[in-house]
Amino acid sequence: MDKRISDFNTKKVNAEKKFYMAFGIIGVAVLVFIILSSQYLVNLMFIPIIIGVVGLIFLGIAAADFEKLKKKFKNDFLKEMFSELIPGITYNPKMGLSESQVYQSEFLKKADRFHTEDYLEGKIDDIDFISSDVCLEERRVRHTKNGTQVYYVPYFVGRVFQFDFHKELVGSLQVLETGSPVSRRKYKKVQLESIDFNKKFRIYSEEELTAFYILTPDIMEAIFALEKRYPGNISFSFLNEKLHLGIHNNKNTFELRLFRKLSLDEIEAFKADLLVIKDVIHTLKLNNSIFKKREE
């Protein structure tokens, strides 16, 4: 693996050199513009413009080359590594969860601009899972003296997961660090016996008994543990024999970073990001028969 990392770093450095060259050319264009402006040589202003255009062309080439390198890193390197860590896993960097899969969680409102990538699908200990990075943005309008400006503000940037729960529930349950359910279901806010849990999370359930049935002391402790391990706002939704999990951490996972050396620590971080899936399954004991189907 060390040789492969070294090869990627060599290609990465070569791509980054093009960025430095582009920035240098643009810098020269700005300097020439300042000098000509100070000398009132307006008839020579075409010179910095030409230099600037050349710089922008180099910048475009550098960005395209780095984008190709990122795709190669994901398709060649990460796919192989992920298959070793979780046999049978499917990883598709270009694909993500669909809108319906994301909104099935019922804790994320519909976005004006929707983007997903880095799709993962597989099975661990007979528990099926799917996951991807998700970016949801809200459209905003700002009125200024120069006219109306439209811009987008992200309100969720992170990862969304879906796990088989294999347990039949009466009603649905949500455990949210912030916000409230986005659903037409008749959710009721529930207070548990744990004061600490009530302070940290908002619990909503269609049936109060469902909350007490699912949120045993062991499960509450497991949810606390996951919240501490994964910074950001965390949300859980139990419905239709599925567990939906959202981690809003403003992070774009599995990305090769510009001007940052690809190190063994970085590789370990990629592994840790993948193994969040296994951690959730084992911490919440989704692979154990700790719940039994209710009798109708």
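Here is a short walk through the structure above, from its cores to its surface. The model is predicted, so to speak of local features a pLDDT of at least 70 is needed, side-chain atom pairs count only at pLDDT 80 or more, and totals for chains, interfaces and linings use all residues. Residues are numbered from 1 along each chain as its sequence is written, and side-chain values use heavy atoms, with hydrogens and water left out.

Let's start inside. The largest nonpolar core has 57 residues, and F163, L215, F236 and L284 have the most contacts within it. A nonpolar core here is a set of buried Ala, Val, Leu, Ile, Met, Phe, Trp, Tyr and Cys residues joined through side-chain atoms within 4.5 Å. Buried means under 20% relative accessible area, exposed means over 50%, and partly exposed is in between (1.4 Å probe, protein chains only). Helix α2 (residues 46-85) gives this core its largest share, eight residues. Helices (H or I, at least four residues) and strands (E, at least two) are DSSP runs, numbered from the N terminus. Another core lies apart from it, with 15 residues, including L97, L108, V160 and Y187.

In α7 (residues 264-274), the buried residues are E266, I267, F270, D273 and L274. Seen down the axis of α7, they fall within an arc of 120 degrees, so they line one face of the helix; the arc is that of the directions from the helix axis to the C-beta atoms. Their cover includes α1, α2, β2 (113-124), β4 (147-164) and α8 (276-283).

That brings us to α8, where six of the eight residues are buried: V276, I277, D279, V280, I281 and T283. These pack against β2, β3 (127-144), β4, α6 (217-229), β9 (242-248) and α7. Just after α8, K285 takes a positive phi of about 55 degrees.

Now step over to strand β9, the place of G246. G246 is buried, with a relative accessible area of 1%. Setting aside neighbours within four places in sequence, G246 is in contact (heavy atoms within 4.5 Å) with F107, F156, R159, V160, N233, I234 and S235.

Finally, what about the surface? F23, in helix α1 (residues 2-38), counts as partly exposed at 42% relative accessibility.
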